[in-house]
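Please look over the sequence and the structure below before reading on. The paragraphs after them are meant to be read with the model open.

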Amino acid sequence: MPGGRLTQQERQQIALGLADSLAYAEIARRLDRPTSTITREVMRNGGPTAYRADLAHRATERRAHRRPASSRGSGAVAPQSYGRDPEAVAEYEETFTTTLMATGLPKMMARVLTCLYISDAGSLTASDLVQRLQVSPASVSKAITFLEGQSLVRRERDERRRDRYVVDDDLFYQATIASARSNDQLVRAAREGVAVLGPHTPAANRLENVARFLDFISESIIRAAEQGREVLHSTSGPTSADTGRPGPDRSPSNAPGGTRS
């Protein structure tokens, strides 16, 4: 059944599909599964280049055995506001976490950031995060420290003088700018190499081209972010699906937590 656990045979089909370079959506269609299920399965078990059906199946069985008995079959799901389907929200939370991990974020940092983004308030305390994610306070603290360093989370004090961790529209803008400007150090290092290796040599030409490329990309990203900043503050508007146009191609280096040069 599409809503049940993946079987070992289905995992073998996933592995074959990856070997044939099939898209997740095509693999999902052949198995009559949601694309998010296939994406999550692959990213949780080594990614598209290292996925192995037998190892994935054993890992899933181990996770199931480690799960506390009180949580298995209890059917207890956190209540949701706005009439949302709790099961759909839980599945989306895992899908979004997996997507953030694919951009380069470690798993715990991705889980914390997802939890903040899908909360309506856009802010939670450390104890809120510990309770929602069922992890230790130390794990939350480490994740928050990392995310603050990447300009992905902001810390505030509430009326009870508790630290609250916040995500908002400006943080996404600031993270994009920080990502673009993080290339500056590599640009400087490349141009130092030009001087050391000697102008007009093949190696120096290669490094100068890298520096010029990164300069161009960074300036383009910053300019586009400045021009599009108002989009982050809009309350409504047509989506790419509404207009029939494809959404922007967001490469990992420009996504929150993406690979930074």
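What follows goes from the sheet to the helices, and then to a few side chains.

The model is predicted. Its sheet is open and has three strands, arranged in the order β1-β3-β2 with antiparallel pairing. Since β1 (123–125) and β2 (154–157) each have a single partner strand, they stand at the edges, so one side of each is left without a neighbour in the sheet. From one strand to the next, the twist averages 35 degrees.

The pairing of β2 can be followed residue by residue. Strand β3 covers residues 163–166 and runs antiparallel to β2, with four bridges joining the two. Within this pairing, Arg155 has Tyr165 of β3 as its bridge partner. Helix α7, residues 126–133, packs on the sheet, where α7 touches β1 and β3. The direction of α7 makes about 90 degrees with that of β1.

Next comes helix α6, which spans residues 107–117. Which residues of α6 are buried? They are Met109, Ala110, Val112, Leu113, Thr114, Cys115 and Leu116. The cover over these buried residues includes the helices α5 (86–102), α7 and α8 (137–149), together with the strands β1 and β3.

A pair of aromatic rings is described by the distance of the centres and the angle of the planes. The structure holds one aromatic pair. Tyr92 and Phe96 form this pair, with 5.8 Å centre to centre and 20 degrees between the planes. Planes under 30 degrees apart count as stacked, and the pair of Tyr92 and Phe96 is therefore stacked. Tyr92 and Phe96 are four residues apart in helix α5, so about one helical turn separates them.

Tyr92 is partly exposed at 46% relative accessibility, and Phe96 is partly exposed with a relative accessible area of 25%.

The charged end of Arg229 sits over the ring of Tyr173, at 3.9 Å from the ring centre.

The last stop is Thr39, which lies in helix α3, residues 35–44. Thr39 has a relative accessible area of 16% and is therefore buried. What does Thr39 contact when its neighbours within four places in sequence are left aside? Thr39 is then in contact with Tyr24 and Thr98.

Technical notes. Residues numbered from 1 in each chain as written. Predicted model: local features only at pLDDT ≥ 70, side-chain atom pairs only at ≥ 80, totals over all residues. Heavy atoms only, no water. Pairing = 2+ DSSP bridges. Axes fitted to C-alpha atoms, helices over the stretch in contact; angles between N-to-C directions. Contact = heavy atoms within 4.5 Å. Buried < 20%, exposed > 50% of the residue type's maximum accessible area, 1.4 Å probe, protein only. Phe/Tyr/Trp six-rings, centres within 6.5 Å; stacked < 30°, edge-to-face > 60°. Lys NZ or Arg CZ within 6 Å of the ring centre and 35° of its normal.
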